Amino acid sequence: SELSDDAFCIAMEPLTSLWNFTDGEKNVPADEQLTSVLPILNSNDILLHAPNKIAFTNKGMGIDLGAVAKGYIADKIKEYLISEGVNSALIYLGGNVLCIGEKDTGAFKIGIEKPFDTDSNPAAVVSVSDTSIVTSGTYERYFEKAGNFYHHILDKNTGYPIENDLTAVTIITPVS
């Protein structure tokens, strides 16, 4: 949060709970609900106390680590596998792929999902070893209601899904 001037905000839980893209209900929160939580979406208002304790400066605050959870879990699985002597593995956690080494036949071939494609055709295929590939997009969790498209990537300044020209972003990073 500090590195991004809170653009990446872990204090989004009150907002993500209002939208609840996982319950299948397709409910758009009322403007009043959204504006009521905007002032508490601030990671700087999370106080860290040693050892392993936190406090919030505002009532109703909460933490949502969904944006980093799968990456963290993949890293921990990788550490465990390497500690057990594994030198080739593919860890797949939804939009997160982490490759350790390469296969006996060479690099791993990873398909990058094509947004909204119903035929499972990849947008691209990359050959990689010792690499993390992470994709997130508006096509992953969304609903349409009254002719409007609502997705799970939320703008903490407006309370609504972020509006830009991106459908998906894939980050490919070497890992050691």
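Select proline 51. It sits in the loop between β1 (46–49) and β2 (53–56). Helices here are DSSP runs of H or I with at least four residues, strands are runs of E with at least two, and both are numbered from the N terminus. Now show the backbone: the peptide bond from alanine 50 to proline 51 is cis, with omega near -15°.

A word on the ground rules. The model is predicted, so local features need pLDDT of at least 70 and side-chain atom pairs count only at pLDDT 80 or more, while totals for chains, interfaces and linings use all residues. Numbering runs from 1 along each chain as its sequence is written, and side-chain values use heavy atoms, with hydrogens and water left out.

Zoom out to the whole chain. The protein chain has three helices and 10 strands. Along the sequence they run α-α-β-β-α-β-β-β-β-β-β-β-β. The C-alpha atoms fill a box of roughly 55 × 50 × 25 Å along the principal axes. Of the 176 residues, 29% are buried. Buried means under 20% relative accessible area, exposed means over 50%, and partly exposed lies in between (1.4 Å probe, protein chains only).

Next, two backbone angles. Pick lysine 26, in the loop between α1 and α2 (31–37). Its phi is near 55°, a positive value in a residue other than glycine. Lysine 26 is partly exposed, at 42% relative accessible area. Then jump to serine 120, in the loop between β5 (108–113) and β6 (122–128). Phi of serine 120 is also positive, near 60°. Is serine 120 buried or exposed? Serine 120 counts as exposed, at 68% relative accessibility.

Turn to the salt bridges (a side-chain nitrogen of Lys or Arg within 4 Å of a carboxyl oxygen of Asp or Glu). The count comes to two. Select aspartate 6 and lysine 156: their side chains meet at 3.0 Å, N to O. This pair links distant parts of the chain, 150 residues apart. Aspartate 6 is in the segment before α1, and lysine 156 is in the loop between β9 (148–151) and β10 (168–174). Aspartate 6 is buried, with a relative accessible area of 6%.

For the other bridge, select lysine 76 and glutamate 79. Their closest N and O atoms are 3.5 Å apart. Both residues lie in helix α3 (residues 66–83), three residues apart, about one turn of the helix. Lysine 76 is partly exposed at 38% relative accessibility, and glutamate 79 is partly exposed at 48%.

Phe8, Leu65 and Val68 form a nonpolar patch with about 230 Å² of accessible area together. Such a patch joins nonpolar side chains (Val, Leu, Ile, Met, Phe, Trp, Tyr) within 5 Å, using residues with over 30% relative accessible area and no salt bridge; like charges are joined within 9 Å. Areas come from the Shrake-Rupley method with a 1.4 Å probe, and for residues only the protein chains shown count as cover. Phenylalanine 8 lies in the segment before α1 (13–19). Phenylalanine 8 is partly exposed, at 33%.
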